[in-house]
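This report describes a set of contacts and cores. Please look over the sequence and the coordinates before reading on.

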Amino acid sequence: MSAGVLDVGRTLGSRRPNAGPATPPGGKPAAAPEKSPDRRPLTRRLGPGPRRRFAGLLGPLVLLAAWFLASGTGVLDPRILSEPWTVLATASEQLGSGKLQEHLAISAQRAALGLFFGILLGVALALVAGLSRAGEALVDGPVQIKRAIPSLALLPLLVLWFGIDETMKVLTITLGVFVPVYLQTHAGLRSIETRYVELAQTVRLSRLAFIGKVVLPGALPGFFLGLRFAVTGAWVSLVVVEQINSTSGIGYMMELARTYGQTNIIVLGLAVYGILGLLSDGAVQLLQRKALTWQRTMAG
Amino acid sequence: MATNNGRLTPAAAHAATAAAAPVRVRELVRGYGPKGVLNGVDLDIAPGEFVALLGPSGCGKSTLLRALAGLDHAVEGSGTVEVPAKVSVVFQDSRLLPWDTVLGNVTLGLQDHDAGDRGRRALAEVGLAGREKAWPHQLSGGEQQRVALARSLVRDPELLLADEPFGALDALTRLKMHSLLSELVHAHRPAVLLVTHDVDEAIALADRIVVLDHGKVALERTVASGANRTPEDAGFAKLHSALLDALGVNRHRALAASNA
């Protein structure tokens, strides 16, 4: 929105004529004074300048173009990495047979369930730790320990306890998800200033209203940061659980392809993971922008 | 029994004011030892009375206000503090929740079904009708402080505590806020304790001025009602210099500072 203002004289030396005075609605400006050239002593711009829409797509597009180019010119051996069009053909083939959707559905279900329970657990623990010193003393240590243990390292134990069915898979994802949600939400809770707590006390907020009006909204920026880590983390955990002892899902599809040396299916799986990751991150960002309108207007 | 020839005996008169006084502070001590912040403060504020609490930085005036506001949980101390049931606080920063709208901030914690209407009315009273849906940071500093005033008044306080509420505002805005506060206090008649380090502000607004120094009341002066509260007034000048003396400000130095 502010780009229009910032665009004037975007680069040093481009002395574009100024837009001039706004024309009155309906009709030409009555004998507008002759525009003198816009000369202004601008300083050298050191900041990165205004944001451009869809600029984030540039990097991935360049990467894609490089892949096309390398495959097209034969620099890239298809046995190393399948050509993009082969992967596209494989995708339509797999979509046609319904196999891809099947794997995708089960993968998405696992990720969603794991995310759901992980977010619930992370927020609950963050609230316990953030609202009482006793809670913090009890909860924070174990979570920090869990943080130091990768989900992969827990897998043997989880398999022993829960077998290789869905419970184990969802639980592994949950354990990977709740840590970033807890950490960031807890940090968000702690960053709520004491002055707001005092305010809540002077207006005699009940504990419930305090949580609803001050604690949760104040911790929301932190929560969303944690959520973005969590969503990415959920896909990562998914790969791990689906490539071990699994009979369905994108990870299984790729693992199967590995045993038959089908690079195209492996690359398809990678592409699906990538797209899912990008889409879900975009969805979280969208949600974040909706929920944090107050913050966005502050920045703009 | 309390009357003697139709007049209150001094003792009975004292008892009567004491019973009606919404604020009663006795032998208030906060922080012990040589570093004590309040060292035995007595203070009464009658219903509807406007008291300004003056003092240099670190004299304990904010500590006293926080004691009245019930915000000194972790502070050691002794003494008696009695305040009415409905106390509102205005802080130096407007302390608006950045994630809530202007109206949401005003009605924060109100549970009655007409809270929204009352909030809108309070906002209109401080001259901010139509800004209900704005975010706090979209308002100027003066406007934010007006929202804070609306948030206090919508609760019909019997005691309004204001901790240097205009300290962060520019001089012109501060003057406008003075008249606004006067009007609002006149309309709602809460008892007011205004903490400030601005002598002019105290004289302009208060019925009574209490100077706090080293944790004790150093001086109490009533401002004559109906007095001409402008620097040109002779009474104003006298009070002004008496207060500055009590604050330990040498007049020559004050002059030098204001010229600097």
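## Interface of chain B and chain A

The model is predicted. Chain B supplies 21 residues to the contact and chain A supplies 17 residues. About 1,900 Å² of area is buried between the two chains, and carbon and sulfur atoms give 65% of this area.

Three salt bridges are found across the interface of chain B and chain A. In one of the salt bridges of the model, B:Arg95 pairs with A:Glu198, with 2.9 Å between the closest N and O atoms. Seven residue pairs are in polar contact between chain B and chain A, counting pairs with both residues at pLDDT 80 or more. On the side of chain B that touches chain A, eleven residues are nonpolar, four are polar and six are charged.

## Salt bridges within chain A

Over all chains, the structure holds 23 salt bridges. One of them joins A:Glu136 to A:Arg190, with the closest N and O atoms 3.3 Å apart. A:Glu136 belongs to helix H5 (residues 133-148) and A:Arg190 to helix H7 (residues 166-190), both of chain A, so this pair ties together parts that are 54 residues apart in sequence.

Are the two partners buried or exposed? A:Glu136 has a relative accessibility of 15% and so counts as buried. A:Arg190 has a relative accessible area of 52% and is therefore exposed.

## Salt bridges within chain B

B:Glu82 and B:Arg24 form a salt bridge through their side chains, at 3.3 Å from N to O. B:Glu82 is in strand E6 (residues 77-82) of chain B and B:Arg24 is in strand E3 (residues 23-30) of chain B; the pair links distant parts of the chain, 58 residues apart. B:Glu82 counts as partly exposed at 36% relative accessibility, and B:Arg24 counts as partly exposed at 25%.

A salt bridge also forms between B:Asp198 and B:Arg174, where the closest N and O atoms are 3.7 Å apart. B:Asp198 sits in the loop between strand E9 (191-196) and helix H7 (199-205) of chain B, while B:Arg174 is in helix H6 (residues 171-188) of chain B, so parts that are 24 residues apart in sequence are tied together by the pair. B:Arg174 is partly exposed, at 22% relative accessibility. One network, joined by salt bridges that share partners, consists of A:Glu193, A:Arg195, A:Glu198, B:Arg66, B:Asp93 and B:Arg95.

## A:Gln288

A:Gln288 is located in helix H11 (residues 263-291) of chain A. The relative accessible area of A:Gln288 is 19%, so the residue is buried. Apart from neighbours within four places in sequence, A:Gln288 contacts A:Phe224 and A:Arg228.

In soluble globular proteins, nonpolar side chains tend to be buried together. The largest nonpolar core of the model has 84 residues, of which A:Val214, B:Leu64, B:Leu161 and B:Leu193 touch the most other members. Helix H9 (residues 207-243) of chain A gives the largest share of this core, 13 residues.

Which residues does B:Leu64 touch, not counting residues up to four places away in sequence? They are B:Val25, B:Leu28, B:Leu38, B:Val41, B:Leu43, B:Leu53 and B:Leu212. Another core lies apart from the largest one and has 48 residues, including B:Ala122, B:Ala150, B:Leu169 and B:Leu219.

How values were computed
Residues are numbered from 1 along each chain as its sequence is written. Chains are lettered from A and ligands numbered from 1 in the order in which they are written. This is a predicted model: local features need pLDDT of at least 70, side-chain atom pairs count only at pLDDT 80 or more; totals for chains, interfaces and linings use all residues. Side-chain values use heavy atoms; hydrogens and water are left out. Contact means heavy atoms within 4.5 Å. Buried area is the accessible area (1.4 Å probe) that two parts lose on being put together, summed over both. A salt bridge is a side-chain nitrogen of Lys or Arg within 4 Å of a carboxyl oxygen of Asp or Glu. A polar contact is a pair of N or O atoms within 3.5 Å; within protein, one must be able to donate a hydrogen and the other to accept it, and residues adjacent in sequence count only if both atoms are side-chain atoms. Ala, Val, Leu, Ile, Met, Phe, Trp, Tyr, Cys and Pro count as nonpolar, Asp, Glu, Lys and Arg as charged, and the others, Gly among them, as polar. Helices (H or I, at least four residues) and strands (E, at least two) are DSSP runs, numbered from the N terminus. Buried means under 20% relative accessible area, exposed over 50%, partly exposed in between (1.4 Å probe, protein chains only). A nonpolar core is a set of buried Ala, Val, Leu, Ile, Met, Phe, Trp, Tyr and Cys residues joined through side-chain atoms within 4.5 Å.
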